[in-house]
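Hello,

Here is the structure I promised to pass on to you. Have a look at it first, and then read on for what turned up in it.

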Amino acid sequence: LLLSRGPRLPDELAEKPGRLKYISYLHGSIRHLIGLPIVRSNIQITNWGDSPALGLAETSLALLYACLKDLHRRIMEVRNGERCVIRSVGGTLRGLRVGIYGCGFAGREFVRLILPLGAKIRIFDPYISDVPESCVRVESLKELFSWSQAVAVHAGLTPETEKTITAELLSLLPNQGILINTARGAIFDQDALFSELKSGRLRAGLDVLDPDDLPPDHEARKWENLIWTCHT
């Protein structure tokens, strides 16, 4: 069975699988479509593995560059007939202090893309045994955010990571600091994040939110310092 976004599989498959031996889910988390009885059965189950790594890393890089160059603000000011006045932490990755939260398959691919561009990289991930060459490991999110000018999130969403990026951590970033998230929106305290963005102090390139949508009239849709790419 090749399973994409669709209805939840009936748990009865665990007891009456017929000739079904293998399920491949063509996305990430399976918990909403495949229940524990099936997971614990003799049916083999896989998801998409590390196949989306390059796409996620490229999206993170595109969002980071767009924030660095203030593309969203420039585009909006040009469309509104305004004179562009850009206030940036820095317009280049060379020498930029980039913190990476989560260094699994997508995080490592992101590192591979930005290292040749001259970024300085520190990584927080308590679940990996080593970090890529030329990167520095830190022992806490507080240490990561205190050091970084930009933070890219590549952690998986688990009970241990949910809402771990708090108002306190966000306050440690410098003015016009950058947040990139192509992982899961619930890793952030979204109210705290939106408070920082509404004030204009930080910038963000977000592919994901919690939940993954905004009402049509939500004010965040008009913020010049937010690029939201609707979970590409």
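Phe194 and Trp223 are both buried, where buried means under 20% relative accessible area, exposed over 50% and partly exposed in between, with a 1.4 Å probe and protein chains only. Please keep in mind that this is a predicted model, in which local features need pLDDT of at least 70 and side-chain atom pairs count only at pLDDT 80 or more, while totals for chains, interfaces and linings use all residues. Residues are numbered from 1 along each chain as its sequence is written, and side-chain values use heavy atoms, with hydrogens and water left out.

A search of the whole structure gives two aromatic pairs. Rings of Phe, Tyr and Trp (its six-membered ring) pair if their centres lie within 6.5 Å; planes under 30 degrees apart count as stacked, over 60 as edge-to-face and the rest as tilted. In one of the pairs, the rings of Tyr101 and Phe124 have centres 5.8 Å apart and planes at 45°, so this pair is tilted. Tyr101 belongs to strand S4 (residues 97–101) and Phe124 to strand S5 (residues 120–124), so the pair ties together parts 23 residues apart in sequence. Helices (H or I, at least four residues) and strands (E, at least two) are DSSP runs, numbered from the N terminus. Tyr101 is buried at 5% relative accessibility, and Phe124 is buried at 13%.

The pair of Phe194 and Trp223 has ring centres 5.4 Å apart and planes at 85°, so it is edge-to-face. Phe194 sits in helix H7 (residues 190–199), and Trp223 in the loop between strand S9 (203–206) and strand S10 (226–228), so parts 29 residues apart in sequence are tied together.

What else is there to say about H7? Gln190, Ala192, Leu193, Phe194, Glu196 and Leu197 are buried in this helix. The cover over the buried residues of H7 includes H6, strand S8 (178–181), S9 and S10. Just after H7 comes Gly200, with a positive phi of about 85°.

Next, a histidine. His154 lies in the loop between strand S7 (150–153) and helix H6 (167–172), and is buried with a relative accessible area of 10%. Its side chain is joined to that of Ser60 by a polar contact of 3.3 Å. A polar contact is a pair of N or O atoms within 3.5 Å; within protein, one must be able to donate a hydrogen and the other to accept it, and residues adjacent in sequence count only if both atoms are side-chain atoms. Not counting residues up to four places away in sequence, His154 touches Ser60, Tyr101, Gly102, Phe110 and Thr182, among others; contact means heavy atoms within 4.5 Å.

Leu63 is in helix H2 and is buried at 4% relative accessibility. Beyond residues up to four places away in sequence, the residues that Leu63 touches include Ile180, Thr182, Leu206 and Ile227. The C-alpha atoms of Leu63 and Val78 are 20 Å apart, and these residues are 15 apart along the chain.

A few backbone details may interest you too. Most residues other than glycine have a negative phi, and most peptide bonds are trans. Asp70 has a positive phi near 55° and is not a glycine. Asp70 lies in the loop between helix H2 (53–68) and helix H3 (71–79) and counts as buried at 5% relative accessibility. Lys163, also not a glycine, has a positive phi of about 55°. Lys163 is in the loop between S7 and H6 and is partly exposed, at 42% relative accessibility. The peptide bond from Asp210 to Pro211 is cis, with omega near -5°, and Pro211 is found in the loop between S9 and S10.

Finally, the chain as a whole. The protein chain has seven helices and ten strands, and 46% of its 232 residues count as buried. Its C-alpha atoms fill a box of roughly 65 × 45 × 30 Å along the principal axes. Of the contacts with a separation of 6 or more, 57% are between residues 24 or more positions apart.

Best wishes
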